[in-house]
Amino acid sequence: MNRLVHPPKARPGDRVAVLSPAFAAPGFAPAVHEQAMTRLIEATGLVPVEYPTTRRLGASPWDRAADLNNAFGDPDIRAVLATVGGDDQITVVPYLDAEQMTADPKAFLGYSDNTNLSSWLWTHGVASFYGGSTQVHLGPGPEVDPVHLAGLRAALLTGERLEITDPGESEDFGVDWREPAALTKNGQREPTEPWVWSGPARAVTGRSWGGCLEVLQQILMAGRFPLDPDVLAGGVLLLETSEEIIPTSGFRRLLRALGERGLLAAVDAILLARPPASDHERQPSAEARSAYRAEQGDVALELIEYYNPEAVVCIGIPFGHTRPQWILPYGGEITVDGAARSVFADYR
């Protein structure tokens with residue numbers, strides 16, 4: 001198992017980079033971005049710094065990589081936050097400068113397509129955090145959700161250990177960013193279902209890896225993860241699915257492939273996030289949404305039981321493409337307690 005460096009925490013007044021390594025959402029919806037920056041300052045006391053491609057729609061992979069290299073290599077920048085995910089960050093990775101980006105380790109926050117960057121940092125010995133898109137979780141709505149704010153401050157500033165709790169409500173998508181109401185209203189929220197637990201009644205503490213399942217498929221196909229699954233031995237696997245609402249049959253194939261690769265068997269615990277079940281174009285009934293989430297969970301339990309019956313499993317934690325969102329350590333320690341049915345995360 002390779003050793004991981006945990007970057008030092010920032011302090012109020014420090015500068016942090018706000019980048020768009022995938023889609024430049026701030027150039028698409030600048031009002032939401034501006035509100036996100038104001039809230040970031042208010043919540044953390046940190047000073048956001050934009051780079052040339054933060055708002056540039058259609059920026060080339062090498063230009064986006066240059067901004068990442070420069071931000072990670074700048075000693076005055078103490079953390080890097082992604083504005084949002086996207087679809088092509090896999091093309092940015094070849095242009096990253098490992099020496100420049102890891103000489104002065106700093107916290108990175110992102111999810112979805114940013115799985116590419118978090119996994120790349122992990123393989124280069126640097127821990128990060130999964131979650132924290134400024135355009136999705138800081139800018140929209142009447143306020144920053146309390147669970148997101150707690151994870152954000154822990155990841156950037158305090159490094160404390162937090163219990164990961166159910167916020168009790170969830171939305172699959174918010175108000176269109178181009179609408180003025182996006183700045184003051186949440187999307188349609190509904191009560192959450194209880195988390196589903198499976199596996200032995202024991203507590204597991206291990207470092208995490210994983211991310212968006214569709215992106216993990218690309219990373220593995222591109223050969224950008226160690227061939228030996230034992231690098232995950234004793235760890236906690238984080239899995240979530242994107243806003244594309246993949247069919248359950250597709251989810252089965254992707255998860256089964258992780259099993260055949262040996263990744264499911266290598267870990268001691270698996271966390272599967274609450275999946276989105278609707279979007280701006282597709283809005284099935286509440287019953288249909290609940291059935292989709294339950295069906296995905298049932299498939300996960302079936303395959304995990306097949307590949308790793310000793311894994312402690314929790315399904316439903318909101319760390320993926322729904323809101324409110326918990327930010328979780330990526331390479332840091334997470335404790336999954338199947339007996340107490342609790343989850344704790346160490347944000348050191």
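Biologist: Which residues is Leu-237 in contact with, leaving aside its neighbours within four places in sequence?

Modeller: In this predicted model, Leu-237 is in contact with Trp-209, Gly-210, Leu-264, Val-267, Ala-269, Ile-270 and Leu-271. Contact means heavy atoms within 4.5 Å.

Biologist: Is Leu-237 buried or exposed?

Modeller: Leu-237 counts as buried, at 1% relative accessibility. Buried means under 20% relative accessible area, exposed over 50% and partly exposed in between, with a 1.4 Å probe and protein chains only.

Biologist: Where is the place of Leu-237 in the chain?

Modeller: Leu-237 sits in strand β11, residues 236–240. Strands are DSSP runs of E with at least two residues, helices are runs of H or I with at least four, and both are numbered from the N terminus.

Biologist: Good to know. What should I keep in mind about the numbers and the model?

Modeller: Residues are numbered from 1 along each chain as its sequence is written. Because this is a predicted model, local features need pLDDT of at least 70 and side-chain atom pairs count only at pLDDT 80 or more, while totals for chains, interfaces and linings use all residues; side-chain values use heavy atoms, with hydrogens and water left out.

Biologist: Back to Leu-271, then. Which residues have the most contacts inside the largest nonpolar core?

Modeller: Those are Leu-271, Leu-328 and Tyr-347, in a core of 84 residues. A nonpolar core is a set of buried Ala, Val, Leu, Ile, Met, Phe, Trp, Tyr and Cys residues joined through side-chain atoms within 4.5 Å.

Biologist: And what does Leu-328 have contact with?

Modeller: Apart from neighbours within four places in sequence, its contacts include Phe-129, Ile-164, Leu-271 and Tyr-347. A second, separate core has 20 residues, among them Leu-19 and Val-93.

Biologist: Switching topic: how many helices and strands are there?

Modeller: The chain has 11 helices and 16 strands. Its radius of gyration is 19 Å, close to the 20 Å from the globule rule for 348 residues, so the chain is as compact as a globular protein of that length. That radius is taken over C-alpha atoms, and the rule is 2.2 Å times the number of residues to the power 0.38.

Biologist: Which peptide bond is cis?

Modeller: The one joining Arg-323 and Pro-324, with omega about 5°. Pro-324 is in the loop between β13 (312–317) and β14 (328–330).

Biologist: What about phi of Ser-112?

Modeller: Phi there is near 60°, a positive value in a residue other than glycine. Ser-112 is buried, with a relative accessible area of 8%.
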